[in-house]
Every structure is written in structure tokens, then in C-alpha cells.
Amino acid sequence: MDNRKIIVSSYIVTSMLTWFLSRSFVVWLSTVNYAIRRLPGLKIFLEVVPAIAACAAFVVLLRHPNVNLVMDEVVAELKKVTWPSRDDVLKSTWVVLVCIVIISLILALFDMMWGKVIGYLLS
């Protein structure tokens with residue numbers, strides 16, 4: 001696999017996200033549940049469980065052959081993508097922004113018209 005650095009980097013990011021989410025869940029669980037809040041080793045528990053979950057996620061991703069095969073194919077396909085130039089992106093962005101402004105003005109006009117009609121009918 002020649003894409004190993006990219007794949008391992010994505011596994012590291014995934015394990016960091018796993019650590020963050022599991023730590024947030026454990027903190028939320030400890031704030032919601034009074035019995036958990038009273039546990040003597042809660043501070044250690046708040047740090048150890050998410051770290052173990054993150055390490056486990058990294059090891060499982062690294063050792064699983066199907067995941068590695070899929071990730072290798074994803075990276076290979078992303079290398080084949082032809083990315084647009086900066087000028088193309090800027091032009092497309094301006095087109096989208098102008099269309100959003102025009103459609104917003106049309107919707108605002110319709111909203112004001114229907115508001116007047118409904119106000120006239122109700123009074």
C-alpha cells in the first residue's frame with residue numbers, strides 16, 4: 001500500500017474523534033446521573049475510558065483487512081479526481097451567491113404580497 005501515510009492519518013483522526021465523543025458522553029453521563037457523580041475514581045474514569053476507546057478504535061481500524069482495503073481504494077480514487085481551478089471555484093461561487101440573492105428577493109416579495117392579501121382578508 002503506497003497510501004499508508006494518508007490511511008494511518010485518517011485512522012488517527014478517527015481515534016481522536018472517538019476519544020472526544022466518548023469523553024463527552026462520559027462527562028454528560030456523570031453530570032446527569034447523581035450515582036455516577038459520587039463514584040470515588042470518577043476523575044480517572046473520565047480520562048481512562050475515552051483513551052481506551054480511542055486506542056481500541058485505532059487498533060481495530062489498523063488491523064482490519066477489509067477496512068484497509070476500502071481505505072486504500074478510497075485514497076486511490078481521490079487521487080484520480082480532477083479538482084477545479086481556483087478561478088472556476090470563484091466563478092461558481094459568485095453564480096451561486098447571485099442566484100441565492102435573486103431567489104431570496106423573489107421569496108421576500110411573495111411573502112410580503114401574501115401577507116398583505118391575508119391581512120386584507122382577515123380585516
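Figure 1. Once its neighbours within four places in sequence are left aside, Ala-53 is in contact with Thr-18 and Ser-22, where contact means heavy atoms within 4.5 Å. The model shown here is predicted, so that local features need pLDDT of at least 70 and side-chain atom pairs count only at pLDDT 80 or more, whereas totals for chains, interfaces and linings use all residues. Residues are numbered from 1 along each chain as its sequence is written, and side-chain values use heavy atoms, with hydrogens and water left out. Ala-53 belongs to helix α3, which covers residues 42-63; helices (H or I, at least four residues) and strands (E, at least two) are DSSP runs numbered from the N terminus. Ala-53 counts as partly exposed because its relative accessibility is 27%, given that buried means under 20% relative accessible area, exposed over 50%, and partly exposed in between (1.4 Å probe, protein chains only). The C-alpha atoms of Ala-53 and Met-16 are 9.7 Å apart in space, although 37 residues separate the two in sequence.

Figure 2. Ser-15 is found in helix α1, made up of residues 4-32. With a relative accessibility of 10%, Ser-15 counts as buried. Apart from its neighbours within four places in sequence, Ser-15 is in contact with Ala-54 and Phe-58.

Figure 3. Between Ile-36 and Val-26, which are 10 residues apart in sequence, the C-alpha to C-alpha distance is 9.8 Å.

**Figure 4. The side chain of Asn-68 in helix α4.** Asn-68 lies in helix α4, which takes in residues 65-80, and counts as buried because its relative accessibility is 6%. From this residue, the side chain reaches the backbone oxygen of His-64 at 3.1 Å. A polar contact is defined as a pair of N or O atoms within 3.5 Å; within protein, one must be able to donate a hydrogen and the other to accept it, and residues adjacent in sequence count only if both atoms are side-chain atoms.

**Figure 5. Asp-111 in helix α5.** Asp-111 is placed in helix α5, which is formed by residues 86-122. A relative accessible area of 57% means that Asp-111 is exposed. Asp-111 and Ser-9 lie 102 residues apart in sequence, and their C-alpha atoms are 49 Å apart in space.

**Figure 6. The protein chain as the setting of the close-up views.** The protein chain contains 5 helices and 0 strands, and along the sequence its pattern reads α-α-α-α-α. Its radius of gyration, taken over C-alpha atoms, is 26 Å, whereas a compact globule of 123 residues would have one near 14 Å by the rule of 2.2 Å times the number of residues to the power 0.38. The C-alpha atoms fill a box of roughly 65 × 50 × 25 Å along the principal axes. Of the 123 residues, 14% count as buried. Among the contacts in the protein chain with a separation of 6 or more, 70% are accounted for by residues 24 or more positions apart.
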